[in-house]
Amino acid sequence: FPFLLGIFFGISGFLILSFISINEINKSTYTKCFVISVSLFLSEYLRSFIFGGLPFNLAAHIWAYDERFLKIVSFVGVYGLSFLTFFWVSLLALSKIKWSFRFLSLLILFPIILFSLSFVKVKNNLEEFDYVKIRIVQPNIAQKDKWDKTLFQNHIDRLIRFSIEDIKEQNLIVIWPEVALTVYLNEQKELIEYITQSMGKNVVLIAGGLRRVIDRKNIKIFNSLYLIQNGEVAVYDKKRLVPFGEFIPLRSLLKFLKITPGETDFSRGESIDSLEIKYNESLVNFEPSICYEAIFQTFGYPNIQLFVNITNDAWFGNFSGPKQHLTASMMRSIEKGVPLARAANSGISVITDKNGKILEKLNLNEAGFLETEVAIENGNTIFSRYGKKILVLEIFVIFIVSLLLDLFKKKRNDLKY
């Protein structure tokens, strides 16, 4: 699998070496940087969309260590930041061949521009913010125990205990991870009533569970997010399914490649794109996402005020996967200009503000809950308004600037001689 993903960048490397003479960097230096950047960027972009796509570990993600650098994502999107990063790294690579003050100044200028954008504010139509109290529950249930039916009651008790422990707020939004309830919850009316009574009528619950639909022709099974409030239940079905995990492409040929339990493929959801929470006298409109759906850009969801991601991540183990998945999820909320509430089974669970600043966090393999108050406002960023038009404009501007810099350098050299 890594070999297949590496092919995209292998092709870029081959084309760069075939058509660009790196040794002759004095000729059209900045244009060469642009061409190299475009080649690498197109590899990343194609990898993110072709055959279903996997926009994981993008070049832009290297800036995730500091939310001030991530602010630019609200202007140009994650792919816009990726292209800028490729261009900057190309300059860095060529500067290693021939160091000069011009290169040095551009290398220093790039992080300064990113940092300065963290102070730019986009005017919002709302003068006052509404605040909601959110609690994330992270049960840290081992993957081998998650589907054990004999432990189901223990898992429910743990989830409820963390949900009501030290509860102080009368109105609270509680979020459980992906498939926290390993049953067809749409068929479990008594279980829903038990959970609701255990947590109190003023608690709104968002939880992952399964959903089954049976008709005369077939049975459909969905990986779903349930919104339970005031005795009412709303459902979002996962739309982007994990290949070889939740469904098998070309099942008749590749059935043996399924890496998760169960014989039946999940069905693709066709449900609504957003859900509403009744909180005090207000309505909170949030965009739901399940597991790796959060790594894909989404557009056209108006008036979103919160981005919710529920995931398992236990199958990643103790490797870097959960951190990488978290970074990708944070990019979505920054692009939209709304807070992120992320509940993971074994980590990493977080609540962030609209700029990607982590307000509360539960680390990998921790069990417990986190709770904080977040400001709710309609998402309003440059990127959410104009989408990928910004990316096209950015690439065009950098192309023009690269040409002008090379023309200026050539003219100056001609004057010398």
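**Strands, helices and rings**

Analyst: Let's start with I358, which is found in strand β12. Keep in mind that this is a predicted model.

User: Okay. Is I358 buried, partly exposed or exposed?

Analyst: I358 has a relative accessible area of 31%, so it counts as partly exposed.

User: And which residues is I358 in contact with, leaving aside its neighbours within four places in sequence?

Analyst: Those would be M330, V350, I351 and T352.

User: How far is I358 from L340?

Analyst: The two are 18 residues apart in sequence, and their C-alpha atoms are 9.0 Å apart in space.

User: Let's zoom out to the sheet. What's the strand order?

Analyst: The order is β7-β8-β9-β10-β11-β12, six strands in an open sheet with mixed pairing. The edges are β7 (275-279) and β12 (358-362); each has a single partner strand, so one side of each has no neighbour in the sheet. From one strand to the next, the twist averages 20°.

User: Which helix lies across β10?

Analyst: That's α10, residues 321-336, and it runs at about 155° to β10. Helix α10 also lies across β8 (282-290), β9 (306-311), β11 and β12.

User: Tell me about β10 itself. How many of its residues are buried?

Analyst: Five of the five, so β10 is largely enclosed by the rest of the structure. Both of its faces are covered: L340, R342 and A344 are buried on one side, A341 and A343 on the other.

User: What about its pairing with β9, parallel or antiparallel?

Analyst: β9 and β10 pair in the parallel sense, over five bridges. In that pairing, I310 stands opposite A343 in β10.

User: And with β11, parallel or antiparallel?

Analyst: Antiparallel there, with three bridges between β10 (residues 340-344) and β11 (residues 349-352). L340 has T352 in β11 as its bridge partner, and A341 has I351.

User: How many residues sit between β10 and β11?

Analyst: Four, and the two strands form a hairpin. In the turn, G347 has a positive phi of about 120°.

User: Switching topic: how many aromatic pairs turn up in the whole structure?

Analyst: A search finds twelve. Take F41 and F83: their ring centres are 5.6 Å apart and the planes sit at 90°, so this pair is edge-to-face.

User: Where in the chain are F41 and F83?

Analyst: F41 is in helix α2 (residues 29-47) and F83 is in helix α4 (residues 73-97), so to speak two distant parts of the chain, 42 residues apart. Both F41 and F83 are buried.

User: What's the geometry of the Y45 and Y79 pair?

Analyst: Y45 and Y79 are edge-to-face, 5.1 Å centre to centre with 70° between the planes. This pair also links distant parts of the chain, with Y45 in helix α2 and Y79 in helix α4, 34 residues apart.

User: Why does Y45 count as partly exposed?

Analyst: Because its relative accessibility is 22%, and the buried class is for values under 20%. Y79 comes out at 5%, so Y79 counts as buried.

User: Which aromatic cluster do those residues belong to?

Analyst: One made up of F34, F41, Y45, F49, Y79, F83 and F399.

User: Now charges over rings. Where is the charged end of R240?

Analyst: Over the ring of F296, 3.9 Å from its centre. There's also R161, which lies over the face of F162 at 5.0 Å from the ring centre.

User: Last bit, the whole protein. How many helices and strands?

Analyst: Twelve helices and 13 strands. Of its 417 residues, 49% count as buried.

User: What about the accessible surface?

Analyst: The total is about 21,600 Å², and carbon and sulfur atoms account for 60% of that.

User: And among contacts between residues at least 6 apart in sequence, what share joins residues at least 24 apart?

Analyst: That share is 66%.

Definitions and conventions
Residues are numbered from 1 along each chain as its sequence is written. This is a predicted model: local features need pLDDT of at least 70, side-chain atom pairs count only at pLDDT 80 or more; totals for chains, interfaces and linings use all residues. Side-chain values use heavy atoms; hydrogens and water are left out. Two strands pair if DSSP finds at least two bridges between them. Axes are lines fitted to C-alpha atoms, for helices over the stretch in contact, and angles run from 0 to 180 degrees between N-to-C directions. Contact means heavy atoms within 4.5 Å. Rings of Phe, Tyr and Trp (its six-membered ring) pair if their centres lie within 6.5 Å; planes under 30 degrees apart count as stacked, over 60 as edge-to-face and the rest as tilted. Buried means under 20% relative accessible area, exposed over 50%, partly exposed in between (1.4 Å probe, protein chains only). A charge sits over a ring if NZ of Lys or CZ of Arg is within 6 Å of the ring centre and within 35 degrees of the ring normal. Accessible areas come from the Shrake-Rupley method with a 1.4 Å probe; for residues, only the protein chains shown count as cover.
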